[in-house]
Amino acid sequence: TMTKVPFGKESLDSNDTFLIDNGKMINIWCGSKCSKQEKRLGIPYAQKYKESVTDKLNSPIVLINEGSKKFSIETAFE
């Protein structure tokens, strides 16, 4: 189930996966304690969201795992 939460890092929860649309890209943030199923469904949900919002068709989708050194959550909120 997808639930809209306030846009900000304080809304993130290690037990869940979040879709973050910052206007430039669509980020999937996977908390360190989220289930394997939530992690697996992140990209299909992001793709479905991208297809439902016509101005997002060219937006890249970026997967960010909590604690990742490669991708920082900071970029999702810029």
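Which residues does Asn-27 touch, not counting residues up to four places away in sequence? Contact here means heavy atoms within 4.5 Å. By that rule, Asn-27 touches Phe-18, Leu-19, Ile-20, Asn-22, Val-62, Ile-64 and Ala-76.

Before going on, a word on the model. It is a predicted one, where local features need pLDDT of at least 70 and side-chain atom pairs count only at pLDDT 80 or more, while totals for chains, interfaces and linings use all residues. Residues are numbered from 1 along each chain as its sequence is written, and side-chain values use heavy atoms, with hydrogens and water left out.

Back to Asn-27. This residue is found in strand E2; strands are DSSP runs of E with at least two residues, helices are runs of H or I with at least four, and both are numbered from the N terminus. Asn-27 has 0% relative accessibility, so it counts as buried. Buried means under 20% relative accessible area, exposed means over 50%, and partly exposed is in between, with a 1.4 Å probe and protein chains only.

Next, the rings. A search of the whole structure finds one aromatic pair. The ring centres of Phe-18 and Trp-29 are 5.9 Å apart and their planes stand at 55°, so this pair is tilted. For the rule: rings of Phe, Tyr and Trp (its six-membered ring) pair if their centres lie within 6.5 Å, and planes under 30 degrees apart are stacked, over 60 edge-to-face, the rest tilted. Phe-18 lies in strand E1 (residues 17-21) and Trp-29 in strand E2 (residues 26-30), so the pair ties together parts 11 residues apart in sequence. Phe-18 and Trp-29 are both buried.

Last, helix H1, where Gln-47 is found. Is Gln-47 buried, partly exposed or exposed? Its relative accessibility is 32%, so Gln-47 counts as partly exposed. Gln-47 and Ile-26 are 21 residues apart in sequence and 9.2 Å apart in space, C-alpha to C-alpha.
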